[in-house]
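Subject: A structure for you to look at

Hi there,

Here is the structure I promised to pass on. Have a look at it first, and then read my notes below with it open beside you.

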Amino acid sequence: MDVKVELKKLYTNRLLQSQKEISEFEEALSNLIALGDKSVITGLCIGFDDDTEQYEIMFGLVHGIEHLYKENIEEGLYLITLAVPSVIDRAREWMEVLHYRILNHEQVRRIYGSVLSKLDDNTKEIIVNLLSDIKSEDPNMFSNSVDEVLQAI
């Protein structure tokens with residue numbers, strides 16, 4: 001299997017507007033997750049798009065990414081951060097979803113602050129802004145979690 005071909009298939013079909021696109025997307029995602037190689041996480045993140053027609057299918061991408069990084073959370077989170085600047089303009093909602101899930105998991109959240117501290121200034125700023133937006137959108141739910149991450153930077 002050619003990983004680049006599968007990632008391209010995932011990206012090309014990310015809007016999930018037809019049964020063919022859904023099938024191609026799900027097949028590519030399944031093939032990539034089956035590899036068990038967390039190095040594809042950044043490429044998987046490129047498959048997010050807020051204009052998708054099928055949110056429940058796109059959510060499979062979230063679960064796939066989480067599955068891949070569960071054995072090495074720090075590296076997996078780092079690979080996610082690398083994709084954020086490239087996708088934030090067209091997949092902000094999905095980046096928020098990924099970050100909600102990071103913020104809601106104590107072990108992952110603690111590691112995330114350390115990961116963010118190692119990023120270049122531009123990437124760090126984009127993610128800090130995203131976290132600040134999450135905090136302001138739902139302060140009761142995320143204020144403490146976001147503060148905990150930001151304090152670790």
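Val149 touches Leu103, Arg109, Tyr112, Gly113, Leu116 and Leu131, leaving out residues up to four places away in sequence; a contact here means heavy atoms within 4.5 Å. This is a predicted model, in which local features need pLDDT of at least 70 and side-chain atom pairs count only at pLDDT 80 or more, while totals for chains, interfaces and linings use all residues. Residues are numbered from 1 along each chain as its sequence is written, and side-chain values use heavy atoms, with hydrogens and water left out.

Back to Val149: you will find it in helix H9 (residues 139-151). Helices (H or I, at least four residues) and strands (E, at least two) are DSSP runs, numbered from the N terminus. Is Val149 buried or exposed? Val149 is buried, because its relative accessible area is 0%; buried means under 20%, exposed over 50% and partly exposed in between, using a 1.4 Å probe and protein chains only. Val149 and Leu103 are 46 residues apart in sequence, yet 8.2 Å apart in space, C-alpha to C-alpha.

Next, the aromatic rings. Rings of Phe, Tyr and Trp (its six-membered ring) pair if their centres lie within 6.5 Å; planes under 30 degrees apart count as stacked, over 60 as edge-to-face and the rest as tilted. By this rule there are four aromatic pairs. One of them is stacked: the rings of Tyr55 and Trp94 have centres 5.9 Å apart and planes at 25°. Tyr55 lies in helix H4 (residues 55-69) and Trp94 in helix H6 (residues 92-103), so this pair ties together parts 39 residues apart in sequence. Trp94 is buried at 4% relative accessibility, whereas Tyr55 is partly exposed at 39%. Phe59 and Trp94 also pair, with ring centres 5.9 Å apart and planes at 65°, so they are edge-to-face. Ring pairs link Phe48, Tyr55, Phe59 and Trp94 into a cluster.

Arg14 lies over the face of Tyr11, at 4.0 Å from the ring centre; the rule asks for NZ of Lys or CZ of Arg within 6 Å of the ring centre and within 35 degrees of the ring normal. A polar contact of 2.9 Å also joins the side chains of Arg14 and Asp49. Such a contact is a pair of N or O atoms within 3.5 Å; within protein, one must be able to donate a hydrogen and the other to accept it, and residues adjacent in sequence count only if both atoms are side-chain atoms.

Happy exploring!
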